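Below is a walk through selected parts of a predicted model.

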Amino acid sequence: MLDKTPRDLILWFFLILFLISLFLLGKLLWPFVSVLVMGAVVSGVFFPVYTLFKRRVPPRYASFFTCILIFLVLFVPIVLFVGVLANEVHNFYVRAVSPEVVDAVKQFFVSRNILGRINSILANFDLSLTFDELIQPITDMGKSVGLTLLNQANAVASNLLKFVIHFFLMLIIIYYLLLDGQRLLQYIIDLSPLPDDQDTKLFVKFKDMAGAVLVVNGISGMIQGMVGGVVFAFLGFRSPVLWGVLMAFFAFLPIVGIGIIFLPAAVWLMVVGRMGAGIAVLMIYGILSGGVEYLFKPAVVGKRIKMHTLLVFLGIIGGLQLFGILGIIYGPLVVTFFLTLSDIYNKSYKSLVEPDGQTRIHLDEVSEENLDE
């Protein structure tokens with residue numbers, strides 16, 4: 001019988017070398033991980049366009065034309081939009097710290113005797129409130145929000161050169177992924193020790209979720225942001241572009257959504273006496289939010305993405321804290337990765353972990369037994 005010790009030593013030595021090379025490769029590519037992920041996501045979204053071009057021209061030209069289309073669809077609007085948004089944010093911050101705003105709010109409270117009504121209620125509890133005590137938290141919040149938005153806008157504007165470099169690097173990655181993405185995918189599947197169907201399932205889930213987050217949520221966010229900005233401009237709100245951008249951003253959150261902007265605006269309009277405008281804002285919010293959430297998204301996504309709303313919400317919030325603005329995409333992808341692996345475990349590996357012959361009692365069976373007793 002042959003001694004397997006030398007073969008085991010060779011295997012362990014190879015695995016150590018392989019892990020070291022994998023670690024060094026990760027360190028090498030880590031500065032560009034966001035560009036790589038976005039390149040993979042965007043190439044997957046625009047792959048049908050590449051396929052359409054490839055029917056008429058050679059693959060290299062089809063990939064090049066697709067990259068040009070991505071440049072026109074993504075890069076040009078973003079660069080043009082950053083300048084307008086930065087100006088809006090600056091004006092918002094200047095107004096937030098201006099004494100004129102405090103005087104206008106004070107005049108509003110005095111003209112409607114709001115402070116007197118509040119104090120009449122607080123008198124039952126032997127409490128009273130001055131105007132400065134009432135307005136200080138509001139002005140502090142306005143200044144804090146304005147300063148945060150201004151810092152973010154300045155960061156985007158100051159890193160514009162970095163954004164341009166990363167965007168063109170992403171286009172290079174997309175160009176080669178469109179050409180050789182299928183071969184790279186097959187190489188990863190062959191390298192993985194998992195069965196091919198499980199690897200394919202992981203990639204398909206990632207592709208579907210990336211498309212749902214980037215395309216469906218992106219388009220729905222743009223629709224809600226544009227309509228909301230137009231409505232705010234028509235109603236006379238200042239900085240409608242800024243409010244439209246905030247609505248487009250909050251539209252990614254499945255629970256709060258654009259209501260975090262629309263509902264306070266409707267309440268404010270009603271408080272200042274514009275009851276009809278406030279009701280109209282509520283109606284527009286209901287039609288816009290309901291139409292997108294219950295008509296547009298289900299029609300486009302269908303049943304490909306099955307994820308609880310709370311998981312999507314927590315995934316996006318956690319992703320924003322960990323990865324910044326790109327967490328809108330990374331968060332749901334991480335949740336998708338976990339849920340897909342959990343499904344694979346349930347179907348393929350759960351029986352290997354549980355002892356043979358062991359029966360499991362489910363919660364619904366326990367509940368039925370309690371009811372019978």
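Ser 289 has a relative accessibility of 19%, and because the cut-off for buried is under 20%, Ser 289 counts as buried. In this predicted model, Ser 289 sits in helix α12, which covers residues 275-301. Setting aside neighbours within four places in sequence, Ser 289 is in contact with Gln 224 and Ile 258.

Next comes helix α11, residues 259-271. With 13 residues at 1.5 Å a residue, α11 should span 18 Å, and the distance of 18 Å between its end C-alpha atoms agrees with this. Its buried residues are Gly 259, Ile 261, Phe 262, Ala 265, Ala 266 and Leu 269. Viewed down the axis of α11, these buried residues fall within an arc of 160°, so they line one face of the helix. An α-helix has 3.6 residues a turn, so residues three or four places apart point the same way. Just after α11, Gly 273 adopts a positive phi of about 100°.

Ile 258 and Phe 262 also belong to the largest nonpolar core, which holds 47 residues. Along with Val 42, Ile 70, Met 170, Ile 174 and Phe 232, they touch the most other members of that core. Helix α8 (residues 160-191) gives the most to this core, contributing seven residues. At least three core residues come from each of domain 1 (38-181) and domain 2 (205-345).

What does Ile 70 touch, not counting residues up to four places away in sequence? Its partners are Val 42, Phe 46, Phe 75, Phe 167, Leu 171 and Ile 174. In soluble globular proteins, nonpolar side chains tend to be buried together.

How values were computed
Residues are numbered from 1 along each chain as its sequence is written. This is a predicted model: local features need pLDDT of at least 70, side-chain atom pairs count only at pLDDT 80 or more; totals for chains, interfaces and linings use all residues. Side-chain values use heavy atoms; hydrogens and water are left out. A nonpolar core is a set of buried Ala, Val, Leu, Ile, Met, Phe, Trp, Tyr and Cys residues joined through side-chain atoms within 4.5 Å. Buried means under 20% relative accessible area, exposed over 50%, partly exposed in between (1.4 Å probe, protein chains only). Helices (H or I, at least four residues) and strands (E, at least two) are DSSP runs, numbered from the N terminus. Domain bounds come from an automatic or database domain assignment. Contact means heavy atoms within 4.5 Å. The expected span of a helix is 1.5 Å times one less than its number of residues. The arc is that of the directions from the helix axis to the C-beta atoms.
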